[in-house]
Amino acid sequence: MSQIRFDGRVAIITGAGGGLGRSHAKLLASRGARIVVNDLGTSVDGAASPSLAAENVAAEICAAGGTAIANGDDISDPAGASRLVDQAVSAYGRVDILINNAGILRDKTFAKMDLDDFRKVLDVHLLGAVYCTKAAWSVMQSQRWGRVIVTTSSSGLYGHFGQTNYGAAKLGLVGFVKALAQEGQRFGILANAVAPLAATRMSEGVLDAEVFRKMPPEHVSAVVAYLASEGCDITGEVFVAGGGYLARAAIVESRGVVLASDRPLPEQVACSIQATLDLAGANAFPNLEVAFKAAALRLEDGAAPSADA
Ligand SMILES: NC(=O)c1ccc[n+]([C@@H]2O[C@H](COP(=O)([O-])OP(=O)(O)OC[C@H]3O[C@@H](n4cnc5c(N)ncnc54)[C@H](O)[C@@H]3O)[C@@H](O)[C@H]2O)c1
């Protein structure tokens with residue numbers, strides 16, 4: 001197989017001053033992409049004052065023979081996101097790849113969580129990605145080519161104690177990217193999500209440290225690079241990636257039941273609900289229309305919903 005390259009492509013990576021973003025930036029740069037390294041340079045909780053993280057990574061890329069510039073804007077501010085994309089366009093004339101990776105953590109049980117901490121996490125992860133994508137979208141549409149990658153998390157897909165804010169933001173990104181994928185298709189824009197597993201400062205103290213140690217960010221970057229590549233034709237999907245493990249995560253709908261009578265009673269639900277939990281014959285629908293048709297068909301004749309109904 002020929003090497004996957006990014007010559008002529010311009011990539012913006014948010015939160016690329018360290019951890020996963022830095023690794024994504026270095027990989028894409030080493031394969032020819034011109035990079036905008038964005039990072040506010042903050043602490044894991046987003047509270048500490050900005051540092052020169054973005055400048056340092058851009059300098060590292062240039063020292064290795066690549067092309068990169070730094071941007072220190074706050075992507076949770078629409079004006080910051082807009083300046084970031086403008087900087088890429090003025091420096092390089094286009095934006096082909098946007099990797100929405102910036103993030104913070106403000107973990108607490110829901111009972112103890114301030115609404116400000118909930119909102120700030122949504123602002124950085126979910127709205128930050130929305131603002132950057134919004135700014136880059138028209139550029140990608142006019143180029144009729146683009147790759148948008150968002151960084152979700154198994155915490156959002158499956159839930160994690162103390163992370164109601166983070167989980168809400170991360171699953172929000174999945175809904176965002178699935179609709180975006182449908183809208184982008186006719187413009188040659190693909191949009192996918194990656195749920196990484198990687199040893200970074202953010203994953204310190206979360207889950208099994210021994211296992212995380214075997215999961216360097218570079219393993220996730222290989223997946224991100226593929227999704228950003230010319231040859232990729234996958235869109236609207238979610239991939240869990242880390243330490244060489246790669247899997248598709250999907251939202252599935254069980255075969256379900258058809259409740260008797262035209263106006264079901266709560267007692268009928270009580271009798272049938274366990275059967276709906278059985279995922280044998282479950283479907284991962286590609287879009288709302290197919291899901292809706294499958295439910296309608298199931299009601300009509302009691303047939304199993306099918307992904308290509
Ligand atoms: N490490 C993992 O196992 C893991 C698992 C699931 C998801 N993630 C996600 O991966 C992404 C990268 O995380 P990481 O593990 O590399 O942690 P990290 O803390 O090293 O990287 C996050 C970066 O985002 C930057 N940042 C924060 N707020 C910003 C803002 N408003 N504007 C610009 N930059 C900002 C930080 O300065 C930091 O450099 C995050 O979205 C995180 O939620 C990581």
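The answer below treats the helix contact and then the pocket lining.

Author: The model is predicted, so local features need pLDDT of at least 70 and side-chain atom pairs pLDDT 80 or more, whereas totals for chains, interfaces and linings use all residues. Residues are numbered from 1 along each chain as its sequence is written, and side-chain values use heavy atoms, without hydrogens or water.

Helix α1 spans residues 19-30 and helix α8 residues 217-227 (helices being DSSP runs, H or I, of at least four residues, numbered from the N terminus). Their axes come within 8 Å and cross at roughly 55 degrees (lines fitted to C-alpha atoms over the stretch in contact, with angles from 0 to 180 degrees between N-to-C directions).

From α1, Gly-19, Leu-20, Ser-23, His-24, Leu-27 and Leu-28 meet Pro-217, Glu-218, Val-220, Ser-221, Ala-222, Val-224 and Ala-225 of α8 (heavy atoms within 4.5 Å). The contact residues comprise 8 nonpolar, 4 polar and 1 charged (Ala, Val, Leu, Ile, Met, Phe, Trp, Tyr, Cys and Pro are nonpolar; Asp, Glu, Lys and Arg charged; the others, Gly among them, polar).

Leu-20 also belongs to the lining of the largest pocket, where Leu-20, Gly-103, Tyr-166, Thr-200 and Met-202 lie nearest the centre among 47 lining residues (a pocket is an open set of points on a 1 Å grid over the protein atoms alone, where a 1.4 Å probe fits, with protein on both sides within 12 Å along at least five of seven lines; lining residues have an atom within 4 Å of a point). α1, α4 (115-143), α5 (154-158) and α6 (164-184) each supply at least two lining residues. By class, this lining holds 17 nonpolar, 24 polar and 6 charged residues.
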